[in-house]
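Hi,

Here is the structure I promised to pass on. Have a look first, and my notes follow below.

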Amino acid sequence: MRIAPSAAGPYNLPSARSNGNADRMTETAPTAAPARSRAHIVARMGLIALALAAASTGFAHDPAQEPERVSIRSSPPLGATLQLPLADHIVVRKGARRMYLMHGDDVLRTYKIALGLHPVGQKERSGDFRTPEGRYFLTRRNPHSEYFLSIQVSYPNDADLQRARHHHWDAGGSIMIHGLPNYLHRPPGYYEKFDWTDGCIAVSDSDMVEIWLMTEERTPIDILP
């Protein structure tokens, strides 16, 4: 899949449907969550170990690889190098609930995402539960966060800080791309259907492993409405 620039914007990506019923997410009343099984915890720990091991051995970029989704089912042999392409920028379309890992005009991966509890509009201050919009960069990585891996996004940028100062607001921060909580407080299906973060961008655990492996520090990320 290739992406050609258009007059409408820098990325001619698939757009959200007008009604947004299939992909839009809204808050709903919580229900009791089942306890996370020991087997599931072990599986998540295995994914973390895989991400850390691959990061220590580096990346191999194979331009000929088809841009199809990869399902990581088991760890490779010790010392093996994962043949995953490396993204040079990321595009997020909030309205479509999609994240695109890009290399040039090529889409390497597409992921379904969840946003903040108040997903529409630009994040303006701490506690507004909105996901930022604008140009940012990936910064700090945390394999020991409260969620399954996390990569920090460089919000607030200069424009965000200027807007917050003008209104005497606290701009907030700690916007991350991350997986599911380490301890689920709701049924697993809730996290697949609804926006549930404080403003971060959430993906599935398996998708988070790919994002972790296919990006580097200072990778640009454009978050669009």
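**What turned up**

T215 sits in the loop between α4 (205–214) and β8 (220–224); helices here are DSSP runs of H or I with at least four residues, strands are runs of E with at least two, and both are numbered from the N terminus. Before going further, the ground rules: this is a predicted model, where local features need pLDDT of at least 70, side-chain atom pairs count only at pLDDT 80 or more, and totals for chains, interfaces and linings use all residues. Residues are numbered from 1 along each chain as its sequence is written, and side-chain values use heavy atoms, with hydrogens and water left out.

Is T215 buried or exposed? T215 is buried, at a relative accessible area of 1% (buried is under 20%, exposed over 50%, partly exposed in between, with a 1.4 Å probe and protein chains only). A polar atom of the T215 side chain lies 2.7 Å from the backbone oxygen of I211.

Now the rings. Searching the whole structure gives 5 aromatic pairs (Phe, Tyr or Trp rings, the six-membered one for Trp, with centres within 6.5 Å; planes under 30 degrees apart are stacked, over 60 edge-to-face, the rest tilted). One of them is Y147 with W196, a tilted pair at 6.2 Å centre to centre and 40° between the planes. This pair links distant parts of the chain, 49 residues apart: Y147 is in the loop between β4 (134–142) and β5 (150–153), and W196 in the loop between α3 (188–193) and β7 (201–202). Y147 is partly exposed at 28%, while W196 is buried at 12%.

R186 lies over the face of Y190, 4.3 Å from the ring centre, and the charged end of R218 sits over the ring of F137, 4.3 Å from its centre (NZ of Lys or CZ of Arg within 6 Å of the ring centre and within 35 degrees of the ring normal).

Lastly, around α2 (residues 158–166), N157 caps the N-terminal end, with a side-chain oxygen 3.2 Å from the backbone nitrogen of A159. Just after α2, H168 takes a positive phi of about 60°.

Cheers

Conventions: A polar contact is a pair of N or O atoms within 3.5 Å; within protein, one must be able to donate a hydrogen and the other to accept it, and residues adjacent in sequence count only if both atoms are side-chain atoms.
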